[in-house]
Every structure is written in C-alpha cells, then in structure tokens.
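Subject: Structure for your files, with notes

Hello,

Here is the structure I said I would pass on. My notes follow below it.

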Amino acid sequence: MEAEVDVARAHAPAPAAAGEAALRALRGSLRGDLLVPGDPGYDEARRVHNALVDRRPALIVRCAAAGDVRAAVLFARERGWHPAVRGGGHSVAGHSVCDGGMVIDLSPMRGVRVDPAARLARAEGGVTWGELDRQTQAFGLATPGGIVSTTGVAGLTLGGGVGWLVRRHGLACDNLVAAEVVTAGGEILRASADEHPELFWALRGGGGNFGVVTAFTFRLHPVGTVLGGMVLYPRGRAREVLRFYRDFAPGAPDALTTSAGLLTSPEGVPLVALVACWAGPLAEGEAALRPLRTFAPPLADGIGPLPFARMQRLMDEAFPPGRRNYWKSDFLRELPDAAVDAVVEHAARAPSPHTAVLLESYTGAAARVAHDATAYPHRGAPYNLHLFAAWTDPAGDAGNVRWAREAREALRPFSTGGVYVNFLGDEGEARVRAAYGANHARLARAKRAYDPLNLFRRNQNVRPEG
Ligand code: FAD
C-alpha cells in the first residue's frame, strides 16, 4: 500500500506574521478582499467540498480580477510562501486550501461571456460548470465539462476534464482554445496554440503547476436536447450489469457516453445504475440506447429526452458538499470476470451508504487524440474505476479509508498503472508520476521554464527538471 502524504502540512505553513503594514498595503491594492482568521466570511471561505479537509490559512485573497491574482502571487513570492490556489474548491485532496500560508481564491471571479457566432465561451477562473453550462445552453451550445455542476471549471480543465460529452467532443482540455495566466513571476500571459504554446500544452492536463489561470476560452458545440438518464437494476444483478457494461461501453457510437455505478438509494436500497448521455440525433439515440435498457429487466428506466444542462446536474445530489470523502481511482486495461467479481464484492462491503463505485469509459473522440498532443496522457484506456468512499461521521474515518484502500488493492492487478490526476489524493510521488505518465518529463521542463522555484507546489506537483 502506498504511503499517504499530506501536502498541506509537508510544505509547512507560511508565517501568519506578514506584518501589519504589508497586509494593509496588499489589502489596499486589491479590488477584492483579504480575509484573515476571525474576519466575517473567513470560515466559509476556507471550507472546501471535502469535509475531511479542515484547514486554516493565514490569509485568503479573494480575487476580483487578474490584477489581484498578480498582487497575491508577488506577495507570496517575496516571502517565499507557496500559495494554495482555489477555483471551485473540489480537489478531493484539499489542494486549494492550506494550514497557515495564503490561499489565492478565484471564486469571486465568476464572469462568463459567450460568443455564439464564433462558438467560443470565456469563463473566469472561479466559474463552476453549472454557471458555464447555464450561459452556453442559452444559445444551444456546450463545451465538455464534468458531471457535477458545482465543480470548478479551473481545476477540472487543468487536469483534463471528463464528462458526458467526452466520447463525442473529447475532454474539457481538448476544447480549450486559450488561457490567461498569471505566472509565478507575476507576468500576465495568454497561452494558446500560437502564444506560449508549451505553456498551453502543459496547462491541458498538467494541473495547477504552471500559474494561476484567470480565464479560459473554450470551443463550443451545438448541444441541445440529449437522450439521457439512469436505468436502475437490483444490486443482485450487479455482475451481469457490469459484464454488459464492459462489452458495451468502450465501443458504443461516439455520441454515447455512459457510466456504471454501484450505489445505494436514499432509502437504503443497494442498486446498480447505468447512466447514459446520447448527444446526437434523438431517433438514432433510441436505437443506440436500446441494448442498455433491455438486456435485463430494470427496476426503473429514467432515460428520456432532457436539456443538456439538466443532464449536467443529474448527479449533483449524489455528491453534496460537506461529506467526508476519500477516493481511489485507477485506469483499468481490462475488466475480466475476476475484476467484476472484485468490484461487486468490495462494493457490498462498503461501510457507508454514501459510498459509490463507478466505472467510466473515456473512449471515442477523447481516445483519438495523441497521448502527447496535450499533457493529459491516458488516451485510450478503456475503463476508469472510481472508489468514492463518502460518509458523514468522523468516527467512520478509519473504516471508510481502509475500505477504499483495500478495494483498490484488489483491483490493482487490472490497472494500466495510470491514474487520472483530478481524482488523485495525496498518494506520494510514484502516483503523481503515474498521473502524468509519459508526459512527465516534458511537464518538468515546462515547469522549469514557467515556475523554476516551484512556487505553485500545493497541487499534484511536477518539480522543475531538465
Ligand atoms: P480546486 O480544489 O479549487 O482546485 C483543484 C486544483 O487545481 C488545485 O491544485 C488548485 O490549486 C488548482 N487550481 C484551481 N483553480 C486554479 C486556477 N484558476 N489556476 C491554476 N490552478 C488552479 N473531474 C472530472 O474530470 N469530471 C468529473 O465529472 C468530475 N466530477 C467531480 C465531482 C465532484 C463532486 C468532485 C469533488 C470532483 C470531481 N472531479 C471531476 C474532479 C475534479 O476535476 C477535480 O477535483 C478538480 O481539481 C476540481 O477543480 P476545482 O477548481 O473545483 O478545484
């Protein structure tokens, strides 16, 4: 079992004592706010999605504009601090908050601008997927994002970004056209295919290592009504359902993205769910989805036409903020019956009813991108396995963590060896390297070029090398 590392503590809190005069000067230079412990709003601002993470920064810079981000970066840099950077606050490892030190909080930066003629949308660094979808959907357009609407556009895109359009239009980062970035040196750069192309490459899968992104510009696609929803089967049929999923999901038409989940209903009934989103002509979708709805008699079939923005909120209730979360994830190269058995057996032993085991398949359009075209390297892995341990009572911490670790160990023989960076906890250097895979060395060179002092290290860290 790998060692777990607490990045927030390993990099020691920066001193709270920046000095009154320096703090006054920083506060005076900001359009946004500066919060210190005891200020109204401080506790809310330090809270993140995962309640297992409870940290107290010395300063939270609530940025209102790129200039505020720059001021915060320079302030931290002058003092040798390593700021945490917060977009949507959904890092399960809690990388967007720290004990002591500074949080550069982009959550006040919520602007979205859609250019329907050019099919582009610009989202500031604190925007959530729900907010971006609402604006793009007003024009019948969308860009691929995540499956829970409260998740931040920033962290999700910088790590890759998978969701209901992944097989149709690729990852979120595949649809990034440009990013505005405050570098570790305090420069404000625009990165795109033509401007700082190596930075642009690194931002598309390299996580928060290369600077603070204050705005993202995405390519949009026409996406209106989709055919989507959930088909529920009794947990007793889980083996059959997962074998079906194994054979069906990776080779489905590109318009169809699916997942299979072992979960418990709010009433306490263990279920297995197939969740689907068809983003194509609806008549063709009916035929494409038929096998998924008919291979065995379901308990309930909730699939039907729905606005894409609603599809994007379908999973929200399953992932509310404020629960304690400990997640493990691995790409699987195959899913033989022995792996299916292990998934089903471990899911049955989960100590908490909030825990879910999910299988996804990021094939289709996402898999046709070369592994080195962007920094996200895991193109073509047929399945991604998620062990989402979630619970509410702190007394359950040890048991739930143990469950996730044991389940991962059981499934590890089927892994590609790779892990998706956005679902990684603080799991040590070997797992960070597994997340960046074959692109790690190039990322380390980009890190040396754009952040040679490793100012931005409260993340799945790439150290400057090369
Ligand atoms: P934060 O915690 O704010 O940031 C995460 C990381 O990104 C940190 O290292 C942070 O420093 C860095 N960062 C944040 N903002 C910036 C910025 N503006 N500039 C530079 N660095 C920045 N992933 C998917 O791909 N698909 C999903 O469907 C999906 N669903 C999820 C659902 C839930 C409920 C949760 C908790 C996570 C989910 N994830 C999903 C994982 C998600 O992509 C990562 O947790 C991601 O890091 C969240 O981004 P954030 O901005 O909300 O997080």
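Predicted model: local features only at pLDDT ≥ 70, side-chain atom pairs only at ≥ 80, totals over all residues.

Arg-119 counts as partly exposed, because its relative accessibility is 40% and the cut-off for buried is under 20%, that for exposed over 50%. Arg-119 sits in the loop that joins strand S5 (112-115) to strand S6 (120-124). Its phi is near 55°, a positive value in a residue other than glycine.

The mean pLDDT of the protein chain is 95, and 96% of the residues reach at least 70. Confidence is lowest in helix H1 (residues 7-10), where the mean is 44, and highest in strand S10 (residues 212-219), at 99. Residues 1-15 have a pLDDT below 50; in the model this stretch makes 39 contacts beyond near neighbours in sequence.

Strand S8 (residues 176-182) has five of its seven residues buried, so the rest of the structure largely encloses it. S8 pairs with S10 in the antiparallel sense over six bridges, and Leu-176 has Phe-218 in S10 as its bridge partner. S8 also pairs with strand S9 (residues 188-192), again antiparallel, over five bridges. Here Glu-180 stands opposite Arg-190 in S9. S8 and S9 form a hairpin with five residues between them, and Gly-186 in the turn has a positive phi of about 90°.

Ala-215 belongs to strand S10. Its relative accessible area is 1%, so Ala-215 is buried. Leaving aside residues up to four places away in sequence, Ala-215 touches Arg-122, Ala-123, Glu-124, Gly-125, Ala-178, Ala-179 and Glu-180. Ala-215 and Arg-402 are 187 residues apart in sequence, and their C-alpha atoms are 39 Å apart in space.

The four-stranded sheet

What is the order of the strands in the open sheet of four? It is S1-S2-S4-S3, with mixed pairing. Strand S1 (33-35) and strand S3 (84-86) are at the edges with a single partner strand each, so one side of each has no neighbour in the sheet. On average, neighbouring strands of this sheet are turned by 20° against each other, direction ignored.

S3 pairs with strand S4 (residues 102-105) in the parallel sense, over three bridges. Within S4, Ile-104 is the bridge partner of Val-85. Two helices lie across strands of this sheet. Helix H4 (residues 66-78) lies across S2 and S4, at about 165° to S4.

Helix H13 (residues 397-411) has 15 residues and spans 22 Å from its first C-alpha to its last, close to the 21 Å expected at 1.5 Å a residue. Which residues of H13 are buried? They are Asn-400, Val-401, Trp-403, Ala-404, Ala-407, Arg-408 and Leu-411. These residues cover an arc of only 155° around the axis, which puts them on the same side of H13.

Helix H15 (residues 440-450) has His-440, Leu-443, Ala-444, Ala-446, Lys-447 and Tyr-450 as its buried residues. Their arc around the axis is only 160°, which puts them on the same side of H15. What covers them includes S9, helix H8 (197-203) and H14.

Regards

Notes: Residues numbered from 1 in each chain as written. Heavy atoms only, no water. Expected span 1.5 Å × (residues − 1). Buried < 20%, exposed > 50% of the residue type's maximum accessible area, 1.4 Å probe, protein only. Arc of directions from axis to C-beta. Pairing = 2+ DSSP bridges. Axes fitted to C-alpha atoms, helices over the stretch in contact; angles between N-to-C directions. Contact = heavy atoms within 4.5 Å. pLDDT = per-residue confidence, 0-100.
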